[in-house]
Amino acid sequence: MKLTKIFGAVLAALSLAAVMTVATPEVTAQASTKMSLAQYPAKYRGTWYYYQKGHYNRFTVAAKKTTVRNYVNKKWQTGEGLVKSIALNKTPKSNKSNRYDEVLFMSQGWLMNADRETYRKGAKFHSMGTEGYKVVTRHYQGKKVKSLIINSMWNYGNGECHLFHYYKTKAQAKAFNPTGAEEDYPG
């Protein structure tokens, strides 16, 4: 009889401990982001195309590198950028390597890219010298396809803003912009 009471007490104590463990909410500290992203998230990676004025501009995103090939002023221009992780709470020192280093960070649901030379503490969506990326779903021939929206704040003088939709295939790029017009909006 004593043994049954002891086992009952132990079982009750264990049950109470289990209930308390499950019922107690877990609280974790939410620290603010202190470093820029070290690489592009997987959903942005791949080759993207934009059709403009009879030519297909190409934007290729790898984990730690981007390459571009654009037709500008009747000739092809190419370039590349390498991802550089930096502390976001301070303005970076001068880039002595003569490379184009990209700083990646999130702002208002957009993946932001800023040149390391022009990045400033507190940069956010629509900051001068930044490009914002967002992957959205559009419909093409009855199917859902991914589109990479690039929102660029280029011109330092008047705050010129450009919006481009890139697609995974050249056919999609031409179908969504059949005239090849610039896909801009005034800033």
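**Exercise 1. In which sense do strand 5 and strand 6 (residues 110-115) pair, and over how many bridges?**

Before we start, a word on the model: it is predicted, so local features need pLDDT of at least 70 and side-chain atom pairs count only at pLDDT 80 or more, while totals for chains, interfaces and linings use all residues. Residues are numbered from 1 along each chain as its sequence is written, and side-chain values use heavy atoms, with hydrogens and water left out.

*Solution.*
- Step 1: Recall the terms. Strands (E, at least two residues) and helices (H or I, at least four) are DSSP runs, numbered from the N terminus; two strands pair if DSSP finds at least two bridges between them.
- Step 2: Strand 5 and strand 6 pair in the antiparallel sense, over six bridges. Here Phe 105 stands opposite Met 112 in strand 6.
- Step 3: Look at the turn. The hairpin has two residues between the strands, and Gln 108 takes a positive phi near 50°.
- Step 4: Now try the other neighbor. Strand 4 (residues 75-83) pairs with strand 5 in the parallel sense over two bridges, and Leu 82 stands opposite Asp 101 in strand 5.

**Exercise 2. How many residues of strand 5 (residues 101-107) are buried?**

*Solution.*
- Step 1: Buried means under 20% relative accessible area, exposed over 50%, and partly exposed in between (1.4 Å probe, protein chains only).
- Step 2: By this rule, six of the seven residues in strand 5 are buried.
- Step 3: For the protein, buried residues make up 32% of the 187 residues.

**Exercise 3. Which residues have the most contacts inside the largest nonpolar core?**

*Solution.*
- Step 1: A nonpolar core is a set of buried Ala, Val, Leu, Ile, Met, Phe, Trp, Tyr and Cys residues joined through side-chain atoms within 4.5 Å.
- Step 2: The largest one has 15 residues, and those with the most contacts inside it are Tyr 40, Tyr 44, Phe 59, Tyr 133, Leu 148 and Tyr 166.
- Step 3: Strands 1 (46-52), 2 (55-61), 7 (130-140), 8 (143-153) and 9 (161-167) each give two or more residues to this core.
- Step 4: Zoom in on Phe 59. Not counting residues up to four places away in sequence, Phe 59 touches several residues (contact: heavy atoms within 4.5 Å), including Trp 48, Tyr 133, Leu 148 and Tyr 166.

**Exercise 4. Is Asn 177 buried or exposed?**

*Solution.*
- Step 1: Find Asn 177 in the segment after helix 2 (170-176).
- Step 2: Asn 177 is buried, because its relative accessible area is 9%.
- Step 3: Not counting residues up to four places away in sequence, Asn 177 touches Tyr 50 and Tyr 51.
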